[in-house]
Amino acid sequence: SDVYKRQVEGLKAPIEGEGSVSGSLQKLELDQQVTQPVSARLQGSVEPLGAGLPWQAVLTSEALAPNGLLEGLPELGAWATRLEASGDLAGADLRVLELRQGERRLQGEGRIDWAGGVVLDTRLGWANLAWPLVGPAQVESAQGQLQLSGPLTGYRLEGDARVVVPGQPEAGIALRGTGDLAHLVFDEMTLRALEGVFEAQGELHWTPAVRWQAGFVARDLRPE
């Protein structure tokens, strides 16, 4: 196996590890063990002479910490991770995405096309999540799901979840919206709590600074 250390633009530190590449021009097999800045194993294959350069890969880690890789991320903790994907020059099929942190679970699947611009068709589900992910929880969600579809310059977002703010009764939330890399527009957001319904529409911007605006309507509330 070969030992390597490479600086990759956008990462907080160089990638260090060791691995091997074997096979032929018909099919190359890869097995890479990354040791820094995170510990992970990447196994896969690529067909150099195949139409569209087909590939497949499996990434596993016992403790993958995203904020150890990228600048600007909040503290997200370390997650046991498994990702299985295959694709070619046109895009990738995400067959399995599993992240575990104690009782917290995230699962995803979908398709990403990048020929002519990134287009998503992805689904994400979770159980026993809380925010922030590290420290005392401000919001907890026993379960939920989210679907993201369309180009990054104009994607559509749909989702629903059960959420709890500490000291308050559980609520159900459903939302629909559109967005891009700079903001989200919530066309419809419904929160069911206190035997009533809150309905909202609004916008959330995070570039160049975080700001939001929204309008609310409440119906049939019965505060305890």
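Predicted model: local features only at pLDDT ≥ 70, side-chain atom pairs only at ≥ 80, totals over all residues.
Q: Which residues have the most contacts inside the largest nonpolar core?
A: Trp-79, Leu-99, Leu-106, Trp-126 and Leu-129 do, in a core of 14 residues.

Q: Which strands each supply at least two residues of this core?
A: Strands β6 (79-88), β7 (91-101), β9 (119-131) and β11 (155-164) do. The largest share, 3 residues, comes from β7.

Q: What does Leu-106 touch, not counting residues up to four places away in sequence?
A: Leu-106 touches Trp-79, Leu-97, Glu-98, Leu-99, Leu-124, Gly-125, Trp-126 and Leu-129.

Q: What other core lies apart from the largest one?
A: Another core, of 5 residues, includes Tyr-155, Leu-157, Leu-175 and Phe-186.

Q: Now His-183. Where does it lie?
A: His-183 lies in strand β13, which covers residues 183-193.

Q: Does His-183 count as buried or exposed, and why?
A: His-183 counts as buried because its relative accessibility is 19%, and buried means under 20%.

Q: What is His-183 in contact with, leaving aside neighbours within four places in sequence?
A: His-183 is in contact with Tyr-155, Thr-178, Leu-204, His-205 and Trp-206.

Q: On to the surface. Which residues form a nonpolar patch there?
A: Trp-131, Val-139 and Val-165 form one, with about 260 Å² of accessible area together.

Q: Where is Val-139?
A: Val-139 is in strand β10, residues 139-151. With a relative accessible area of 35%, Val-139 is partly exposed.

Conventions. Residues numbered from 1 in each chain as written. Heavy atoms only, no water. Patch = residues over 30% accessible without salt bridge, like charges linked within 9 Å, V, L, I, M, F, W, Y side chains within 5 Å. Areas by Shrake-Rupley, 256 points an atom, 1.4 Å probe, with all protein chains shown as cover. Salt bridge = Lys/Arg side-chain N within 4 Å of Asp/Glu carboxyl O. Helix = DSSP H or I, 4+ residues; strand = E, 2+ residues; numbered from the N terminus. Buried < 20%, exposed > 50% of the residue type's maximum accessible area, 1.4 Å probe, protein only. Contact = heavy atoms within 4.5 Å. Core = buried A, V, L, I, M, F, W, Y, C linked by side-chain atoms within 4.5 Å.
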